[in-house]
Amino acid sequence: MEPLRDMDDGVAAICGGMCSCATCHVYVDPEWVPRLPEPMSDEGDMLGDLLDRQANSRLSCQIVLTDAISGLKVTIAPQE
């Protein structure tokens, strides 16, 4: 979330990564979806309230960057 927040047209990330606002909503590139852990229930709850939710939706604040997902591709979702 932090690299996306620091971009000029990045995510808002209003809650600062506390999984309580969904302003860091992204679409994970389909080839990367199986490489990520499943969303925890609180992330699923936040995503469930979004009109623009897709099967590959995630909150970027809940994706922990590791070497295993170096090169991860996401698209920033429209702000609701």
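## The sheet

In strand S2, Leu59 is the bridge partner of His25. Strands, and helices too, are DSSP runs numbered from the N terminus: a strand is a run of E with at least two residues, and a helix is a run of H or I with at least four. The model is predicted, so local features need pLDDT of at least 70 and side-chain atom pairs count only at pLDDT 80 or more, while totals for chains, interfaces and linings use all residues. Residues are numbered from 1 along each chain as its sequence is written, and side-chain values use heavy atoms, with hydrogens and water left out.

An open sheet is formed by 3 strands, in the order S2-S1-S3, with antiparallel pairing. Strand S2 (57-59) and strand S3 (74-76) are at the edges; each has a single partner strand, so one side of each has no neighbour in the sheet. From one strand to the next the twist averages 40°. Two strands are taken as paired if DSSP finds at least two bridges between them.

## Strand S1 and its partners

Strand S1 covers residues 25-28 and is joined to S2 by 3 bridges, the two running antiparallel. Besides the bridge between His25 and Leu59, Tyr27 has Ser57 as its bridge partner in S2. S1 also pairs with S3 in the antiparallel sense, over 3 bridges. On that side, Val26 stands opposite Ile76 of S3.

Which way do the residues of S1 point? His25 and Tyr27 point one way from the strand, Val26 and Val28 point the other way, and all are buried. Buried means under 20% relative accessible area, exposed means over 50%, and partly exposed is in between (1.4 Å probe, protein chains only).

Helix H2, residues 41-48, lies across S1 and S2 and runs at about 120° to S2. Axes are lines fitted to C-alpha atoms, for helices over the stretch in contact, and angles between N-to-C directions run from 0 to 180 degrees. Glu43 is in helix H2. With 1% relative accessibility, Glu43 counts as buried. Residues up to four places away in sequence aside, Glu43 touches Cys19, Arg58, Leu59 and Gln62; contact means heavy atoms within 4.5 Å.

Arg53 is in the loop between H2 and S2. Its relative accessible area is 44%, so Arg53 is partly exposed. Apart from neighbours within four places in sequence, Arg53 is in contact with His25, Gly44, Leu47 and Gly48. Arg53 and Val26 are 27 residues apart in sequence, and their C-alpha atoms are 9.2 Å apart in space.

## The loop between H1 and S1

Cys19 is in the loop between H1 and S1, and Ala22 is found in that loop as well. Phi is near 60° for Cys19, a positive value in a residue other than glycine. Phi of Ala22 is also positive, near 65°, again in a residue other than glycine. Cys19 has a relative accessible area of 8% and is therefore buried. Ala22 counts as buried at 10% relative accessibility.

## The largest pocket

The lining of the largest pocket is made up of Met1, Pro3, Leu4, Val26, Ser60, Ile63, Leu65, Leu72 and Val74. A pocket is an open set of points on a 1 Å grid over the protein atoms alone, where a 1.4 Å probe fits, with protein on both sides within 12 Å along at least five of seven lines; lining residues have an atom within 4 Å of a point. By class, 8 lining residues are nonpolar, 1 is polar and none is charged. Ala, Val, Leu, Ile, Met, Phe, Trp, Tyr, Cys and Pro count as nonpolar, Asp, Glu, Lys and Arg as charged, and the others, including Gly, as polar.

## Two lining residues: Ser60 and Met1

Ser60 lies in the loop between S2 and S3. Ser60 is buried, at a relative accessible area of 4%. Neighbours within four places aside, Ser60 is in contact with Met1, Leu4, Val11, Cys24 and Val26. The C-alpha atoms of Ser60 and Glu43 are separated by 10.0 Å, with the two residues 17 apart along the chain.

Met1 belongs to the segment before helix H1 (2-6). Met1 counts as buried, at 10% relative accessibility. Beyond the neighbours within four places in sequence, the contacts of Met1 are Val11, Ala13, Gly16, Gly17, Cys24, Ser60 and Cys61. From Met1 to Thr75 the separation is 74 residues in sequence and 12 Å in space, C-alpha to C-alpha.
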